[in-house]
Amino acid sequence: MEYTIGSVAPIFLAPFTAFVINAFVGKKLPRQGDWLSVLAIFISFLFSFRIFMDFVGGSFATDYYIHKVFTWFDLSSGNQNFKVEMGIYIDQMTSIMLLMVTGVATMIHLFSTWYMHDDVRYGKFFVYLSLFTSGMLGLVLSDNLLSLFIFWEIMGFCSYSLIGFYYEKEKAGDASIKAFMTTRVGDVFLLLGMVAIWQVVGNVSFVDIYAAIAEGKFAGQQVLGISLATFTAFCVFMGTIGKSAQFPLQVWLPDAMMGPTPCSALIHAATMVAAGVYLSLRMYPLMVAGDLTHFIALIGAITAFGAATIALVQTDLKAVLAFSTISQLGYMVMGVGVGSYNAAFMHVITHAVFKACLFLSAGSIIHSVHEQEMPKLGGLRKKLPFTFIAMMACTLAIAGVPFFAGFVSKDRILGDALYWGLFSGQSKVWAIVPILGFAGAFLTAFYMFRMMFLIFFGQPRDKHLYDHCHQEHIGFNSNIPLLILTVFTLGFWYAGSLTGQNIVKVFGAKTEWFKILVEAPKVEKFINHPREEFGFVDTRLKTDLPVAVYEHQSGFVGVNPENEHGLHSAHVIGAIASIFIALSGIFLAYLMYVKRSVKPLAESFRGYTTTLQNRYYFDNFYVGRVIQKGLIPFNRFLSWLDSGVYDRYAVDGWASVNRFLFRISKWFDDVIVDSIGVDGTGVAVNLMNLILRIVQSGKIQFYFVVLIVTLAGYVWTFKF
Amino acid sequence: MFLNLLFLMSAFLTVGSAVLVLTTKNIMHSCVFLLGSLIGVAGLYATLDADFVAATQIMVYVGGVVILMLFAVMLTGGKDFISKAQNLLGLIPTMGNKWSYSIGILVSLVFVFTNIQLLSRLGTMSTLKNNGSFGSSIREIGHLFVKDHILAFELSSVLLLGALVGAAIIARPHRHQGHDHD
Amino acid sequence: MNGLLNWILWFPVIGMIAVLVIPKGNDNAIRWTSLVATAITFILTLVLYANFDESVAGMQPDFLVKVPWIEQFNIFYSLGIDGISLPMTILNGLLFFLCVMSSWTVEKNVKAYFALLLMLQSTVFGVFFSLDFFLFYVYWEVMLLPMFFLIGVWGGENREYAAVKFFLYTFFGSIVMLVGIIALYYATGKGVDSFNILAMHGGKFSELTVTIFGNVFSFEKLFFWAMFLGFAIKVPVFPFHTWLPHAHVQAPTAVSVILAGVLLKMGTYGFLRIAFPIFPAASVLYSDIIGALGLISVIYGALCAMAQDDVKKLVAYSSVSHMGFVMMGLAAMTVQGMNGAVLQMFNHGTSTAMMFLLIGVLYERSHHRWIVKPDGSKGFGGLYTQMPRYTVIFIIGMFASLGLPGLSGFISEALIFLGMYEKFTTMTVLAIIGLLIGAAYLLWMFKRMFFGEVNPEVSEYEDMNLREVAYMIPLCVAVIVFGIFPAPILNVMKASVGQLVDLLAKY
Amino acid sequence: MISLASYLVISMILFAIGITVMIARKNIVAILLGIELILNAAALNFVAYSKFVTQNLDGHVFSLFIIVIAAAEAAVGLAIVIRFFQLKETIHIDEATQLRN
């Protein structure tokens, strides 16, 4: 199949064009142009599906990639050479990611046409939605860090706008700034890392970076006292921390629920936060070269566990989901850290599907009840049966119950982490990572089912709300998207072998296709790769296409990946443990919130609950301490120093010295020049007079002072 | 001996009164102290055998100028006598403030040092002896006025006349403004 | 094509004369005349762009003008254009055209206002075209005159102070520069062409020494600093920046736009055209200091901007910050850094012009510029709801200013970082902080002004009218188009910039 | 022994005090007082020099002229003061700013 501008660019260009058209003339179109956005994302979906079939359906080998570039601008002249190239990079991971993003985004677009239909800024929402998805698709297609960064920031802008969508609310403004600035902290580091990489590699395209790592260009160099590889890897990973809301920059994501619910779905599932993990996966060879994997695993584990604890006490439905996102992202990052490359990426995909579904379900609930405080809900499963089914499936998936998508990915991450932490022969200190992971899994099962029980089970706690709840709306754009997504929360789509022995052959591929196809880039392969022009014609010959070779592999690239036996036993232990943990979490939630035989958490751990409700005081620390007590007073002080001291005394003081000199010259002018009768010496003197007129006070005593001093000066100078 | 005594007394009177002119708050008192200072100068003239100048000094200054000033003060100063202590030194507005005093003293110090610089060159001249008195100088001076300095003499008379007339005109309130102020 | 530069240079003067001839009172006639004059000038600059030969590194041979002016001192009326001055020329043509449109509401002494504005345009063109040092200096100085009156007569409450401050500051710098020019005049040996800027290029003075009070100084180092001072005040770089907030706050909208959009670039242009090529060895030697001052400007300007309650002052400090990026790019002396710096000069011109024009639009409605009034209450609030069209344009301008990828500011800043990294690693790391704060103050300002409930005061404001939208659109287009396709500008400048980088690379 | 220097020193002190009065005080009358002191210092110098240096009476004549001029000046000056007071109701020197600009 050909890879030309005509067959690849529409994936990005279709939503982008929809954005441009809607931005300018959207208000004049019928239905404010929503159909254009939906159509555009569906076109992207079709093109992505074609690529997906190409790669996954068996045309290409597992390590095949397509890399095509075109020149963006060229600064070469004289002896200087510098040019910036853009392009596309498509491999198995890209193709899966594209399908996920377009698929989930299509559902979200469809759902939005129902959810937002009575909003005053209906058209505007679709403008941002189109730009957001086009940004994500551009990011996924990018072949280099620069264009990745560009789309990365465009997404940041979109999230800023969408979070601040209800701009009448002050809080929306605060939340949007918080989101943009917190991710920006990571972004500037990413930019720095990119600049540093550019210096070493001469380029920032992924293939060149891989080749440079293989050639050892990163070895032996130092930046600011640490090794170059570590420095660049850290900077790039900071981008992930910011974008994927990892500890300690996790504060923005919970506030992002200020935006409309479909936009939360987009941010939490398909686009924004997935981009961070995607970057870490793309740059995985650099993370290994920079020896940063332990750090990454630790950050991921802390995030996964910490966010799960905070989610325990949230009463807002969307806040629970927001913290569950942070926690799940922690698992993905942990997966990257422990070397569970394949499983981490699989979790990106599965999480995107069920988290989108969860948020859309939440949207459905909120739209029907107009309330998102869980203590006021209850017993809704009779009123919203389809939403209940969808949400239940997703909750089972996120809790890690077998046969659901969350289990196949999260279980493998936990298994790999267990092996990495305990059996791979490294320091036992790192056992903390799987321990936190498993603890987080328990909490996840617990708080998700707490949410389910509070919303759908028991008696309605607020009778008035319950009575006013609309009966569920059934339509292609209200709950059909939910049900479509629900179908894909089942595990067999991703791992055929779990459900049954090569029975299901997804898209004509072999079973366990996911596990086989996605693998960490083998950097040696990229040395001396050819440059291919991205144009309207594909220059490759059909015969160049490689033959697909499928072989079973673990997908684990962490410490000692060859120890098959240890890995296998770790996986068995991990699987049993995580099933047990998930079920016990669900059971505890059942006891607490349905049977009510165990006291709810808030009563048992009162002091700790306050800490959790304040989210470990991170927000207070950043906003209250660092910004309000630190940065802003410092700025005020600096500004005062600038205008009140430096400008007033150093600069204007110098001016008053000059003013004094001007007075002398004014006196000189009056007494000597004017009395002799020299007049009108042109523009310069006129200007001088203008200035003098402003500065001269006319105080006779001062003239006398000047007279005496000048006379004394003459005496001292000439001494007769 | 008498001469020395006279010199010392006159010098103290001159300088002391002048200092008081500077520091007294009340402008009326300042005028009175100026009187003392001028009398002291007259005494100094006397020690220099300039009896006619000394007499003129007393007559014109003490009898004329200072009286004139006292009148001016009385005509104008009524309001300014009321002390409106406004700063640390407890000075009244028309007295000046610590800044103007500092600048004044600074400038006068500059003058003094400059003057000392010049005076140090007069060492040779100051050794000249007092070669006896002129006797009565009135006749001599009269001759000088009508011979050598006749032009200046005439001009000064014109000046005096002009000053007299001018002062009268200036001080006279304008008719159309007079109602506003009287 | 020979006379095109002459036409561009003198057409505003023709317009000025036309404005002066129109009898007082015909305000609309005066406005239309100036609009037509600036429009034609802008079109002429576009003609210049169309006929520009991208492959020529030096001055474009087709456009050179050289006529003897004062023959006794070998002073020539000599004009030329290359890739560095072309973007500035187009920017100048564009911004004046838009400024005339934005000045439609000026009611005080309309005739003098537009006459001075046109005179200012001509002098700014003169600075960018001059190839003769004397001519350059004359334009550089004469430029102060209309600026002085425009600020001093049509400015805000404190205009005299600001005008005098602006005048004295720049005058001081240019006098020091004059010393340098005279020194160069004598150093070239009073030959035939001793004021010719191009003839001095290439480090011809590195061997000379100067004796002052018995101390021997290197000619190059000494007079590099003289030039540096003159240009650094104009930029303005950190310790010389204090005139800028005053001038901006007091100046009328159009003058702020010109000041930030074009006049500041004259400083950096001076480095590119004069200080660097004439004193390459000293420039390379002191590039650390230039870069460090640029870095301080970036961070200091950004931090100060964050503390401002006056939105115009905030943008003024942000100019200090952005021009600091230009200085860092210049100090890097690499092809990426230099190109980035020149591109940043252009991009800052468009984005900051947008910001100032937008603030002007708001000021016409509110007659104040407080984000937070001195008594602590909100100055604005809810502008988003009240003025949606205004807000969209404001968002574009603001995000271009903070360097959002996809808008123009990003590419130039990224190029500057790329250029700097090799030479100033630590500084690059620190400059990143400036980028972060740069986003913070703008977004914070935006939040305080646009979000929230509509203030009762704000509820009386009308949205932008057609004229106001009309003069914002070219800038919006420039900001977006050059954010996606920077090649049209980069292509014209790269040969000239590359030549300069090659020269500096030898030292 | 009374020397020329002692007269010059007294004259200098008188002059210096005159300067200080002129500069420091804000009352116009007081400034006139300062001027009188200065003029006296100058006249004293004339007389002293005429005794110790030139040894003729020209110095006396000059000091008489100074006295005359001082008288005239005082008359005119005080007239101005009175007029000023009529206009401004004060004799604070800093109020005398009409010639400014």
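A residue is buried if 20 or more other C-beta atoms lie within 10 Å of its own, exposed if 12 or fewer, and partly exposed in between, with C-beta atoms placed from the backbone. The structure is a predicted model, in which local features need pLDDT of at least 70 and side-chain atom pairs count only at pLDDT 80 or more, while totals for chains, interfaces and linings use all residues. Residues are numbered from 1 along each chain as its sequence is written, and chains are lettered from A and ligands numbered from 1 in the order in which they are written.

**Exercise 1. Find the buried residues of helix H5 (residues 133-142) of chain C, and name elements that cover them.**

Step 1. Helices here are DSSP runs of H or I with at least four residues, strands are runs of E with at least two, and both are numbered from the N terminus.

Step 2. Applying the burial cut-off to H5(C) gives Phe133(C), Phe134(C), Leu135(C), Phe136(C), Tyr139(C) and Trp140(C).

Step 3. Now look at what lies over them: the cover includes strand S2 (75-79), H4, helix H7 (159-187) and helix H8 (197-200) of chain C.

Step 4. S2(C) is itself largely enclosed by the rest of the structure, because 4 of its 5 residues are buried.

**Exercise 2. Describe how S2(C) pairs with strand S1 (residues 65-70) of chain C.**

Step 1. Two strands pair if DSSP finds at least two bridges between them. S1(C) and S2(C) have 5 bridges and run in the antiparallel sense.

**Exercise 3. Work out how helix H3 (residues 85-102) and helix H4 (residues 110-129) of chain C pack.**

Step 1. Axes are lines fitted to C-alpha atoms, for helices over the stretch in contact, and angles run from 0 to 180 degrees between N-to-C directions. For this pair the angle is about 175 degrees and the axes are 10 Å apart.

Step 2. Angles under 35 degrees count as roughly parallel, over 145 as roughly antiparallel, 65 to 115 as roughly perpendicular and the rest as oblique. H3(C) and H4(C) are therefore roughly antiparallel to each other.

Step 3. Residues are in contact if their C-beta atoms, placed from the backbone, lie within 7 Å. Those in this contact include Met88(C) and Phe96(C) of H3(C), together with Leu117(C) and Phe125(C) of H4(C).

Step 4. Sort by class: Ala, Val, Leu, Ile, Met, Phe, Trp, Tyr, Cys and Pro count as nonpolar, Asp, Glu, Lys and Arg as charged, and the others, Gly among them, as polar. The helix contact has 9 nonpolar, 4 polar and no charged residues.

**Exercise 4. Which of the 4 touching pairs of chains has the most contacts, and what forms its chain B side?**

Step 1. Chains B and D have the most contacts. Chain B brings 77 residues and chain D brings 61 residues.

Step 2. On the chain B side, H3(B) gives the most, with 14 residues. By class, that side has 51 nonpolar, 23 polar and 3 charged residues.

Step 3. Check pairs that do not touch: the nearest C-alpha atoms of chains B and C are 26 Å apart, and those of chains C and D are 15 Å apart.

**Exercise 5. Are Ala245(A) and His370(A), with their positive phi values, buried or exposed?**

Step 1. Most residues other than glycine have a negative phi, and most peptide bonds are trans.

Step 2. Ala245(A) has phi of about 55 degrees and sits in the loop between H8 and H9 of chain A. Ala245(A) is buried, with 32 C-beta neighbours inside 10 Å.

Step 3. His370(A) has phi near 60 degrees and lies in the loop between H15 and helix H16 (385-399) of chain A. His370(A) is exposed, with 11 other C-beta atoms within 10 Å.

Step 4. For the peptide bonds, the one from Phe247(A) to Pro248(A) is cis, with omega near 5 degrees.

Notes:
Contact = placed C-beta atoms within 7 Å.
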